[in-house]
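This report goes through a protein model in plain terms.

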Amino acid sequence: RRCCTVSPFEYLSAIYISIFRRLCYHNTIQRTNKGNMNIGSIICAFFALAFAIKLYGVLDFLDYFEEIYSYHDEECIKVMSIGASEDHNKFNDNSIIMTQWKVTDYVPGEDRPGAMYVASGFLNSKKNQSTEEFVAKDLKIKELPIVNYPENVDFHPHGSYILDRELYVINHAYDKGGERIDVFDIITTSSDIPKRLVFKHSITSEWMKKEFNGILNSLVVVEPNKFYVTQYKGEPDSFVDDQMVSHETKALIEFLKARFLGTRNCHIWYCEYNSDEVNCRKVASHFTSANGLTHNKDYSKIFIADQKDIVIFDRDASTNDLSGRIELKAPHFIDNVKYDQTTEKVYGGTINNLMSVLKHKFPEESDELISGAVEISQNNDGKWEAKEVLSTSKLHCVSNGLRMHNHLVLGAGGIGYEGILVCPVVSDDNK
């Protein structure tokens with residue numbers, strides 16, 4: 001009883017042909033006695049023009065007209081010591097904590113547990129050292145044991161954030177725990193490298209489980225148990241066995257609504273957790289898909305990745321309200337964004353050719369599946385700029401790009417491609 005999955009073009013064509021036939025074939029070929037076109041012809045012409053404009057916009061959004069190619073990736077090394085890794089957070093100058101879980105296509109009851117990993121050794125990298133040598137000799141990747149985690153709750157990590165040696169992880173536990181944010185103590189070795197996570201508590205409520213089921217994406221924690229969080233889907237996930245429309249088709253419909261009707265029904269929430277109570281309020285709205293979330297050095301700015309836009313707000317630390325919205329165009333579709341304390345810039349992972357993602361569906365491999373990394377900073381005039389710093393086909397459908405000294409570390413957990421990509425940072429002098 002579930003509808004089959006169709007391509008965007010098949011769906012658009014079906015709608016267009018149906019309306020065109022109704023308006024044009026039945027009403028527009030006839031003329032009045034005076035030889036003038038009737039109202040049906042005018043409507044048909046207007047509809048055809050409007051549709052053509054919208055279709056061009058869709059194709060442009062999908063990078064159909066843009067020639068995409070790889071560059072600055074000659075020395076990039078793919079590391080397969082981890083599965084699909086959606087989100088990365090810098091723990092210190094030497095290590096990062098990474099999620100492992102394929103976010104899309106979950107089926108209720110499916111045995112697909114997630115995990116957390118640590119990558120370390122970045123302080124050992126040298127500027128003139130090849131990435132291949134760094135990965136072989138210095139980079140260490142290990143799974144982090146999780147201690148005291150509730151046995152009856154699934155762990156499906158999505159976005160994460162580190163504050164004061166505590167790790168906050170958005171967990172789509174679905175039918176075994178519901179939407180929640182799990183909080184862990186990070187236990188380290190004598191050299192301050194994370195070695196295990198100790199579960200502390202979960203931030204959740206019946207309201208969160210109902211309204212946010214499967215749709216929270218990224219978070220920024222400003223104080224213990226006080227945080228901003230993005231909602232990247234307009235409606236909570238629903239897995240009803242006898243539904244007439246598949247989950248994939250629903251996602252397609254939402255995409256078409258956003259592109260053709262301008263639907264923007266995603267939000268940024270500010271939440272506070274006290275004991276067993278969670279209070280959340282909307283602090284920003286009108287997003288197509290509020291995705292990655294980060295901040296600047298003093299948390300006075302909040303950055304949100306919204307498909308091909310980077311939205312920047314001023315933050316009021318006393319009220320946690322957001323104001324002064326600025327929309328910055330991203331070079332490509334941008335997913336997670338992360339502030340880097342060393343460079344005081346923001347970095348993010350991008351998908352550089354959306355058309356190729358439709359053409360080559362996961363888990364297909366293709367050199368046409370090109371992703372990359374973007375750098376966001378202020379120029380000398382104080383204006384925000386977003387520039388592409390890497391483009392590569394060595395890891396597909398990248399969801400994050402983190403700067404670690406001499407390297408960029410990319411992961412791709414959203415759609416499911418496994419491994420991380422470690423690339424040298426190419427300085428402006430070498431570009």
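Ile304 touches Thr230, Ile268, Phe287, Ala290, Asn291, Gly292, Leu293, Asp309, Ile310, Val311 and Phe313, with residues up to four places away in sequence left out of the list. Contact here means heavy atoms within 4.5 Å. The model is a predicted one: local features need pLDDT of at least 70 and side-chain atom pairs count only at pLDDT 80 or more, while totals for chains, interfaces and linings use all residues. Residues are numbered from 1 along each chain as its sequence is written, and side-chain values use heavy atoms, with hydrogens and water left out.

**Nonpolar cores**

Ile304 also belongs to the largest nonpolar core, which has 37 residues; Leu219, Phe287 and Ile304 touch the most other members. A nonpolar core is a set of buried Ala, Val, Leu, Ile, Met, Phe, Trp, Tyr and Cys residues joined through side-chain atoms within 4.5 Å. Buried means under 20% relative accessible area, exposed over 50%, and partly exposed in between (1.4 Å probe, protein chains only). Strand β13 (residues 266–274) supplies the largest share of this core, 6 residues. Strands are DSSP runs of E with at least two residues, and helices are runs of H or I with at least four, numbered from the N terminus. Another core, of 28 residues, lies apart from the largest one; Phe61, Phe255, Leu354 and Val357 are among its members.

**A sheet of four strands**

In what order do the 4 strands of the open sheet lie? The order is β15-β16-β17-β18, and the pairing is antiparallel. Two strands pair if DSSP finds at least two bridges between them. At the edges are β15 (293–295) and β18 (322–329), each of which pairs on one side only. On average, neighbouring strands of this sheet are turned by 25 degrees against each other, direction ignored. Such angles are taken between axes, which are lines fitted to C-alpha atoms (for helices over the stretch in contact), and run from 0 to 180 degrees between N-to-C directions.

Between β16 (residues 301–306) and β17 (residues 309–315) there are 6 bridges, in the antiparallel sense. Ile302 has Phe313 in β17 as its bridge partner.

**Asp306**

Strand β16 also contains Asp306. Is Asp306 buried or exposed? Asp306 has a relative accessible area of 2%, so this residue counts as buried. A polar atom of its side chain lies 3.2 Å from the backbone nitrogen of Thr288, and one lies 2.7 Å from the backbone nitrogen of Ser289. These are polar contacts: pairs of N or O atoms within 3.5 Å, where within protein one must be able to donate a hydrogen and the other to accept it, and residues adjacent in sequence count only if both atoms are side-chain atoms. Leaving aside neighbours within four places in sequence, Asp306 is in contact with Arg264, Phe287, Thr288, Ser289, Ala290 and Val311.

**Disulfides**

The structure holds 2 disulfides, a disulfide being a pair of cysteine sulfur atoms within 2.5 Å.

| Pair | S to S | S-S torsion |
|---|---|---|
| Cys76 and Cys423 | 2.1 Å | about 120 degrees |
| Cys271 and Cys280 | 2.1 Å | about 115 degrees |

The disulfide of Cys76 and Cys423 is right-handed because its torsion is about 120 degrees. This pair links distant parts of the chain, 347 residues apart: Cys76 is in the loop between α2 (39–61) and β1 (77–79), and Cys423 is in strand β25 (residues 420–424). Cys76 is buried at 4% relative accessible area, and Cys423 is buried at 0%. The disulfide of Cys271 and Cys280 is right-handed, with a torsion of about 115 degrees, and Cys271 is buried at 1%.
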